[in-house]
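This briefing covers selected features of the structure shown below.

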Amino acid sequence: MIQVIFMPIGMVLAEPTIDTKEQEQVELPPIKNYLKEPVSAPRFFFTHSRMQGSVGEPMQVMFYSDQEVSEVQVLISEEAKLIKEMLLAGISVDQGEHPPEWLFHSEHAQKTFVLPLVFDTKGSYEVSVEDESLFIDIIEKEVEEEPSKNESFEATESTDLDSKNDESNIKHNQEDTDEKPITTNTYGVANVIDWIGFIEAFSDPTITTIDINDDFEVPTAPLSNQIGLLAGDDLNIPGGATFVNLIKSGISRTLTINGHGNQIDFGSVSLGMSSVTHNANSPWDITFKDLDIYSGNWWGFFQTANLTVAQHTVSNITLHNINSYGNELIAPYFTNVNISGVVNNHITETYTSKFRTDWRVNTVESVNLETRSLNIKEDATLNLSTVNSGNIIIGLGGLDASLTLEKNATINLESNGTTTGANAHGLGASIDIVNGNLIMSEGSAINLNTTRSYSAIQLRSSGSNLLMEKNSKINVTSTGHTNSTNSIHRNLIYMGTGSSLMVENGAEFSINAINRGSANSHILNIAGDAQVSIGKDAKLNIKSDSTSNTQSLMYFASAESVFEFSDAKKVNLERTGEIAGTTNNGLINIAGSNGLLDIDVQSVKQWERGNFEVNPDFSWTPVFNLNLRYAGVIPTIDTMSSISIETIDSFKENFTTQNVQRVLFEKIPDVEISIDPLTEDPAEVNSFTVTGKATPNSYIRLSGDPAFPIGNIVSPNIFESEFYHTIADENGDYLYELPNDLKFTAGNTVVAYAFLNGKYSTARTIVEERRYIPPADPLKPEIEVDPENKPELPEDQGLLSIDFISSFNFGFQVISAQDQTYYAQQQRLLNEDSTVNEIEVRPNYVQISDRRPENERNGWQLAVTQKEQFKGEEKQELFGASLSLSNQQVITAQGGTAPGLQSVPCVLIPGSRRILLKAQGNEGTGTWVYRFGDEQTAGESIALNVPKGANPEATNYSTILIWELSAVPEN
């Protein structure tokens, strides 16, 4: 397919003239940047009410605004000196009419301001912003030759502190081994290198950040030199359980402990806090981060047991990037715990740190973590393992508890051992939710491996919920669970009375129980009324190799329980071992006589007892509206439907969940269909032929245009009387051609309906008119414009078309005896009344549209040929003149991949064809503007170069450009 368009271009050369008309000068308004007006007056505040510094030492005072501002007035004591050279970039300051007043200006509106100040005399001073004040205490700088390592930190930015000089316990890189490492403290920050400094900083309410700058251990006598700060046991020995508590009154606050990758060995000590530490105005909110912990105490290195229940409920602990070895991670009991980054806790019989070798822990019958509420933050990972216990206990102290995994969070658990565990709260489950819910957000995962004969997951309280949101996963692998008791703590999954299990869209719950022997305890046991729901595209997979003939994979203790799913990806209930005995076996068991299995839109397969092969004994597709009522293990079909009598009869005669090896419900693949564009243009094939893609072998019915006759293909659904027009082939392609030379009518909406195995889908398209694409603005192609001098274009270009071409006009020029370059006038637009817009101009351009359907695209190319040299009205030739195209650009408002420029730079040679643009594959689909220049360069992008020997005459010179748009398949 080749389209050729002839476009004349020209110029008029005249004798020299002088234009005395002056160019009118238009003064443009200045451009201003306006700050967003605040919706209310800003509020300013300091983070502290008091601050401390030293005489002559610069200090930085920070204050904040609740909204962005560019100016602020500050009152500063006259004794203060403002250090202007230390102001942040973009900040300037002017002194007000009264000495304490200063006006700060910011180039950009902001919320945070920093005042660099220095005071020459000691005393107490004030800095105020509106109604907020900060009091600054300035003291004389103290210099000590050898300050004690046990001094508490109330120093400023300039204070130095000698650390302890124990080479075995301090990491440093110094050439002189006698020189001690130096730590520097800023206000609110304590730099810590030993146990004494750690407790002092913990007990100082002015400290909001503790930086651990070296590895250290808790000494054998942990209370030594801690008078008034600690109370409890004073013996740190292997195998012990020593508890020490912070006792300074009212010190609770928001506190961050930065480990910086260092190590603390607690030995047998567990650090806690007494209730007197609680400050109701600032409860404990502690973050431990980037720290390696070694602990042998069965309550872990940190616990909150001595707080009151009310104090617990308002307290929080966050663990971020923590590695913990030896015993329990922490024991916060009724406190809320957050996990972020990667947190590891592995219980071992002994541990070896930098300070202790083969240190014996107090007991290996400890869980990893016990608390009221546990929140695994977005993208965080928690890795836990035990020696002889479960892993997590949740819900201590209240019903408003939960184990929550935020988006993409992960818990990896390994539970080992045979005992219940010595902890008073735990009875052996890997995840034991005493009160509350287990909530898994989108993309989160729990991977649980257990070798214990206790529950992998249990929700003890009534009305609890296990909610698995979109694409979350639980994978439980149980090895050697041989207990036959059906009760709390014993079934692999146990849920209390009235509980619900919701596996939402795309989520997966998988349980694989191996090496069970003859254990007859049910895999999933829900006490009382319950609801289990498996969402669209979700999976439930339960396997057990027990040989017991009384074991059920799913047991519901109430007759009012409901197990439901529709369009699930997979629900697999499978006994993977030989089943002993001949009676009482059932994959599903609902007590009473009114339990309901409610299923819709599934493919069903069934393996008879003893069949361990891949192929099932029965297969039914599709199955709709299946309701089974249960009396124990015996199901009775209430309702069931399908699309064929044979499927319905076979299913009702053979389907059961009693005394079978396996039942598998699978998703029937969704039916998909698309329809290619249609047109009324009789020159196009798609004016009478419908094509598109659909699910292979699906039945296609067409409607929406009177040209469609009634189909002649009988429906595969016996309950449907309508006919179909065509069937998609094995590759999913379909085609239907109108009979009797009929054509589609523009504006009609044609609907393609596809049906297969009880599922359907539709696609639609509007029949297009013969399409004329209006010219677009070459600067803003999303806007249609009316250009001057529109060319006469062929009406039958089809779906690959040239929509517009600028005419190049070089205007009236003065004859010159020298080399000259003349530039084509820019493209002008028309007003609504068809008059020429004398103000706005645009780059010259060519507009191309490729609206062909995908299966017909094979690329395209745009070429131009200058037919001959510029000639005058008497055929006199403009010798040596050459036309050049520069600043070539390709833009679109529709997205997609642009065609490639082929001739850059481009100088036309008369009679020679030049390819300008080339689109390959899906390049260049939609409407594209090929312009010469932009707002700045449009006036100098089409050039006519006339050499001095051209001998021009006073006449009109012109030539013809032949524009050629072609779509020719490559060989």
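Leaving aside residues up to four places away in sequence, asparagine 412 touches Thr381, Leu382, Asn383, Leu384 and Asn447, where contact means heavy atoms within 4.5 Å. The C-alpha atoms of asparagine 412 and leucine 384 are separated by 6.3 Å, although the two residues are 28 apart along the chain. Asparagine 412 is found in strand S29 (residues 410-415); helices (H or I, at least four residues) and strands (E, at least two) are DSSP runs, numbered from the N terminus. Asparagine 412 counts as partly exposed because its relative accessibility is 24%; buried means under 20% relative accessible area, exposed over 50%, and partly exposed in between (1.4 Å probe, protein chains only).

The model is predicted, with local features requiring pLDDT of at least 70 and side-chain atom pairs counting only at pLDDT 80 or more, while totals for chains, interfaces and linings use all residues. Residues are numbered from 1 along each chain as its sequence is written, and side-chain values use heavy atoms, with hydrogens and water left out.

**Chain overview**

- The secondary structure of the chain comes to 3 helices and 70 strands.
- Of the 971 residues in the chain, 52% are buried.
- Among contacts between residues at least 6 apart in sequence, 74% join residues at least 24 apart.
- The chain has an accessible surface of about 43,500 Å², of which 47% belongs to carbon and sulfur atoms; accessible areas come from the Shrake-Rupley method with a 1.4 Å probe, and for residues only the protein chains shown count as cover.

**An open antiparallel sheet**

- Four strands form an open sheet in the order S58-S69-S63-S66, with antiparallel pairing; two strands pair if DSSP finds at least two bridges between them.
- Strand S58 (820-823) and strand S66 (906-908) stand at the edges with a single partner strand each, so one side of each has no neighbour in the sheet.
- From one strand to the next, the twist averages 25°; axes are lines fitted to C-alpha atoms, for helices over the stretch in contact, and angles run from 0 to 180 degrees between N-to-C directions.
- S58 pairs with strand S69 (residues 942-946) in the antiparallel sense over 4 bridges, and tyrosine 822 stands opposite leucine 944 in S69.

**Salt bridges**

- The whole structure contains 28 salt bridges, each defined as a side-chain nitrogen of Lys or Arg within 4 Å of a carboxyl oxygen of Asp or Glu.
- Lysine 536 and aspartate 670 meet in one of them, at 3.7 Å from N to O. This pair links distant parts of the chain, 134 residues apart: lysine 536 lies in the loop between strand S40 (531-534) and strand S41 (539-544), and aspartate 670 in the loop between strand S49 (660-666) and strand S50 (689-693).
- Lysine 536 is partly exposed at 33% relative accessible area, as is aspartate 670 at 34%.
- The side chains of glutamate 838 and arginine 828 form a salt bridge at 3.1 Å, N to O. Glutamate 838 lies in strand S60 (residues 836-842) and arginine 828 in strand S59 (residues 827-830), so the pair ties together parts 10 residues apart in sequence.
- Glutamate 838 counts as exposed at 58% relative accessibility, whereas arginine 828 is partly exposed at 26%.
- Salt bridges that share partners join Lys536, Asp537, Asp567, Lys667, Asp670 and Lys759 into one network.

**Backbone geometry**

- Most residues other than glycine have a negative phi, and most peptide bonds are trans.
- The peptide bond from threonine 621 to proline 622 is cis, with omega near -10°; proline 622 is placed in strand S47 (residues 618-632).
- Valine 904 and proline 905 are also joined by a cis peptide bond, with omega about -5°, and proline 905 is found in the loop between strand S65 (900-901) and S66.
- Aspartate 358, which is not a glycine, has a positive phi of about 50°. Aspartate 358 lies in the loop between strand S23 (350-351) and strand S24 (359-360) and is exposed at 54% relative accessibility.
- Asparagine 951, likewise not a glycine, has a positive phi of about 55°. The place of asparagine 951 is the loop between S69 and strand S70 (956-966), and its relative accessible area of 57% makes it exposed.
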